[in-house]
Structure formats: C-alpha cells, structure tokens
Amino acid sequence: MKKLFKWASKWWPGLIPLAVMWGFAAWNNTLPVEADLSGRSSAALKDTVLDKTRIAVDGRDVSLAADAFSEEGRRDAVMAVETVPGVRLVDDRTRLVPEAKPFVWNAERDVVRVTLSGSAPLPSMKGRLTEAARKEVGGVEVADQMGLARGAPPRFEAAATLLLDQIGKLKDGKITITDTKVNLSGMARDLGGREAIVAALKNLPEGFSIAANDVKAPPYIFQAYKDPVAATVTLTGYVPDNTIHAAIATSAARKFFTEKVVDNLKASIGAPGSFNTAVIAALGALSRLSTGTLVVSDREVKLSGDALYEGAANDIRAGLGKDFPKNWQYKPEITVKPAAGPVDGTVCQQLFSELLAKGKIRFAAKRADIDPDSAAILDHLIETALRCPTTNVEVAGHTDADGEDGFNRALSEKRAQAVIDYLVKAGLPPSRFTAVGHGSTQPLAGNDTDEGKAQNRRIEFLVR
C-alpha cells in the first residue's frame with residue numbers, strides 16, 4: 001500500500017499543466033466561434049431598423065440589446081438572430097423606443113444657427129432632416145438636438161421637409177409640428193418672404209393643418225437722399241410694381257428735383273396702402289430742402305434736413321402731414337440752413353438766371369394758380385432774394401402763342417403777380433418787386449412744337 005501512495009504522489013501533479021493546456025485550447029477554439037457568430041448576427045440585422053444595437057456572444061448563446069421602433073420590428077430582429085446558423089439561444093434584451101404623446105418636432109432659427117429639436121421617428125429620418133436643413137440655410141450652423149420617439153403621424157417626414165424649406169425664408173423664427181398641427185412665428189428675411197411661406201403651406205401633406213402663422217414681414221422701406229455737393233438725389237428701397245416705379249421716378253426727375261436722380265429702386269410686394277400718394281408727397285417736401293433724407297418705413301415717414309429759410313421750414317413741418325393718407329405718421333426733423341452771405345445785384349441776377357434755367361415755375365393750364373410742385377424752385381428764389389435785400393426785381397411772365405394776344409398778355413401778368421404774392425407771403429417786402437406781362441411777344445423758341453411752346457411759357461427774374 002505504501003508503494004501505491006508513493007507512486008501516486010509522483011504522477012498527479014502532472015495533471016495541473018494538462019488542465020491548463022486543455023482550458024487554453026478550449027478558450028482558443030471558442031474565441032473564433034464567438035467572433036463568427038457575432039459577425040453573422042450583426043449581418044442578419046442589416047435590414048432591420050434598430051438603434052443602440054449591442055450584441056454579446058457567450059459560446060453559442062447570443063445576447064441582443066437594441067431599441068426598436070415597432071413591436072413587429074423588435075420581433076423580426078430577434079428572429080433574424082435566432083435563425084443564424086450555430087446560434088443556440090438568444091437572450092432578448094430589446095425594448096421599444098418610448099412613444100411621444102404628443103409628437104412634437106421643432107426647427108428654430110436665430111442669428112447664428114438653426115436648431116432642430118423634439119422627436120424624430122427613425123435614425124435615418126433624423127439624418128435626412130438635418131441634411132435638408134443644412135442644404136436650405138447653406139453655410140449656417142445646424143444643431144441636431146432631436147431625440148427618437150414613436151408616435152409620428154403619417155407623412156411626418158414630408159411635412160417636416162416642406163417646413164424646412166421655409167426656414168431659409170426666415171431671418172429668425174420657429175416652426176413647430178405638434179402631431180398634425182403646424183405653428184409658425186418669426187420675421188421673414190426678405191419682402192415677399194411671408195407671402196411665399198403662405199403659398200408653400202398650401203402644399204402641406206394630407207392630414208396636416210396650420211394652427212397659427214405669426215410670420216411677420218420686414219418693414220417696407222423706401223429711401224431718398226438729396227446731396228447738394230454731388231447734385232444728386234438717390235432713390236433706394238422698394239416700390240410695389242413697375243407702374244408705380246415709373247410714376248415715382250418720373251415725378252422725382254421732372255417735377256421735383258433739378259439734381260440728377262439716381263434710381264436704385266426695386267419692385268417688391270408688401271407695400272402699405274396709398275404708398276404712391278404718400279411717397280410722392282414726401283418727395284415734394286424733400287425737394288424743398290437744401291440737403292435731406294427721406295425714409296418711408298411701412299406707414300411712417302421720417303424727413304430730416306435743412307430748409308432754405310425759416311418760413312419754408314415752418315411750412316414743410318405744418319403742411320406735409322396734410323397730404324398723407326389716413327393712418328400714416330409723419331416725423332419731421334427740419335432745421336434751417338445757415339444763411340449765405342449777401343451778394344450784389346450782378347451776382348443776384350446770375351443766381352436767379354441759373355435757378356430758372358434748371359427749374360420752372362409751373363401753373364394750372366390757362367390760369368395763374370401756381371402748381372404746388374413748384375415750391376422747391378420758389379424756395380430757392382426766395383433764398384436768393386434774401387441774399388440781395390437792396391435790389392429791386394422785375395418778375396416777367398411769358399406765354400406761348402396759343403390763344404389771343406390780349407388774353408396771353410393778361411395771363412402772363414397775373415402769373416407774374418402770383419409769384420410776387422408768394423414771395424411776399426414768405427416775408428419779402430412787396431416794394432422790391434414789379435409784375436410785368438409780355439404774353440407771347442418774347443419767345444425763346446418756335447411755337448410750332450410742344451417743346452418750343454414749353455420753353456416759351458416761363459417766368460423771369462430781372463434785377464433792376
């Protein structure tokens with residue numbers, strides 16, 4: 001017996017390295033099998049829609065954890081792994097993505113970025129919506145803060161994509177889908193943007209409707225700047241259409257300003273009612289200023305600059321608002337240009353002649369009523385008369401050859417007197433002025449054309 005124990009004590013320690021070698025061999029044989037099952041299980045899931053998928057293999061047993069977006073999808077995923085050759089058992093740890101009630105999705109734009117938030121129904125759709133936003137706002141940062149949830153209404157992606165098309169039309173704002181109700185708010189980037197959004201919303205998918213649309217249009221702005229140094233009047237901003245554009249540009253160039261009119265106006269929708277009437281009245285007031293700026297923003301008119309003398313300043317402040325349509329506001333900031341130095345009679349005559357060569361005093365047809373649009377040229381004549389207070393001036397009226405000589409002579413004298421009355425009302429002494437009517441006896445051009453007749457109908461200032 002002692003020999004038996006002595007013999008056994010010599011061989012059993014050899015079992016230890018054998019066991020280690022067996023375990024190592026078994027482990028090395030298991031690793032390739034598990035890796036193979038893991039790869040084939042992942043491949044089996046390629047056509048399923050899952051999120052946060054995790055596969056763990058222990059021998060031939062597979063543990064599958066994932067977020068599924070439907071009960072059917074969850075079952076299909078588990079079955080796909082169960083049918084992988086070599087898999088013995090599937091430990092199902094899948095779960096359904098939570099359902100959002102209500103299902104809310106947002107797209108919000110500020111100065112620096114577009115933020116997508118709320119819920120998207122699928123990871124792939126989440127990516128497509130983010131890419132659609134980037135395409136629409138090219139170059140602007142798009143922040144994806146969307147989560148995943150079940151419960152999206154049918155045709156959700158089509159509705160969200162259409163609404164992302166509108167985010168590019170906003171300067172800032174927010175678009176929200178709550179189940180099938182759409183809410184919009186913010187400021188359109190350009191004139192016409194609000195109307196374009198309204199038109200696009202008519203194409204929302206079936207089942208979706210607008211709960212609120214509070215997108216505002218940017219101010220409708222028209223501007224004019226009178227620069228006496230460059231001798232220009234620059235028009236910028238917007239007009240409703242080509243017809244009104246032509247009317248405003250023509251009035252500026254032919255009725256109000258002797259300066260060069262630089263026309264940079266663009267046509268756009270969104271003008272307030274009576275836009276044409278208000279702008280033309282405001283341009284008439286601007287024409288009376290030495291230098292000035294006109295800004296029309298929606299129904300508010302701001303006019304600033306220097307009048308040529310105190311009486312003109314008071315007249316402009318008091319009179320312009322009367323020419324505006326109802327519900328328009330007028331904010332005058334009229335000061336008076338510093339008085340220029342006095343001049344002698346020769347310089348005074350030269351200044352009168354230059355003014356009347358560039359602009360004309362106009363009257364109603366066959367009458368002595370001065371056209372209100374002549375206020376600008378009259379203001380400049382008054383300013384000049386104030387600079388030569390010791391001179392006497394003959395105001396001479398002339399007509400074309402149409403009509404009887406006696407009527408024309410009387411009409412020309414009445415028109416000359418109407419001009420003197422305007423000067424006196426502005427504060428000049430009546431004793432300095434004399435009215436003379438020459439009728440058609442001193443033409444500057446032939447009376448056989450409309451252009452020639454227009455030249456002959458005139459008022460002259462002659463220093464005596």
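A pocket is here an open set of grid points with protein on both sides within 12 Å along at least five of seven lines, and its lining residues have an atom within 4 Å of a point. The structure described is a predicted model.

The largest pocket has 48 lining residues, of which T258, K358, G359, K360 and I377 lie nearest its centre. The elements that give two or more residues to this lining are α7 (242-256), β15 (289-297), α10 (345-358), α11 (375-387), β18 (393-398), α12 (405-425) and β20 (458-463). Among the contributors to the largest pocket, α11 gives the most, with 6 residues. The largest pocket also lies between domain 3 (221-336) and domain 4 (345-463), because both give residues to its lining.

In soluble globular proteins, nonpolar side chains tend to be buried together. The largest nonpolar core in this model has 63 residues, and those with the most contacts inside it are F222, I248, L283, L294, L303 and F461. Helix α8 gives the most to this core, with 9 residues. At least three residues of the core come from each of domain 3 (221-336) and domain 4 (345-463).

**The β1-β2 hairpin**

Strands β1 (residues 50-58) and β2 (residues 61-68) run antiparallel and are joined by 7 bridges. D58 has D61 in β2 as its bridge partner. The hairpin has 2 residues between the strands, and G59 takes a positive phi near 70°. Strand β1 also holds K52, whose phi is near 55°, a positive value in a residue other than glycine. K52 has a relative accessible area of 53% and is therefore exposed, the cut-off being over 50%.

**Other backbone features**

D298 also has a positive phi, of about 55°, although it is not a glycine. This residue lies in the loop between β15 and β16 (300-307). D298 counts as partly exposed because its relative accessibility is 33%.

The peptide bond from K101 to P102 is cis, with omega near -5°. P102 is in the loop between β4 (95-96) and β5 (104-109).

**Two aspartates**

D214 is in strand β11 (residues 209-216). With a relative accessible area of 42%, D214 is partly exposed. D214 and G186 are 28 residues apart in sequence, and their C-alpha atoms are 6.6 Å apart in space.

D421 is in helix α12, and its relative accessibility of 45% counts as partly exposed. D421 and H398 are 23 residues apart in sequence, with 17 Å between their C-alpha atoms.

Terms used
Residues are numbered from 1 along each chain as its sequence is written. This is a predicted model: local features need pLDDT of at least 70, side-chain atom pairs count only at pLDDT 80 or more; totals for chains, interfaces and linings use all residues. Side-chain values use heavy atoms; hydrogens and water are left out. Two strands pair if DSSP finds at least two bridges between them. Helices (H or I, at least four residues) and strands (E, at least two) are DSSP runs, numbered from the N terminus. On a 1 Å grid over the protein atoms alone, a cavity is a set of points where a 1.4 Å probe fits but cannot get out, and a pocket is an open set with protein on both sides within 12 Å along at least five of seven lines; lining residues have an atom within 4 Å of a point. Domain bounds come from an automatic or database domain assignment. A nonpolar core is a set of buried Ala, Val, Leu, Ile, Met, Phe, Trp, Tyr and Cys residues joined through side-chain atoms within 4.5 Å. Buried means under 20% relative accessible area, exposed over 50%, partly exposed in between (1.4 Å probe, protein chains only).
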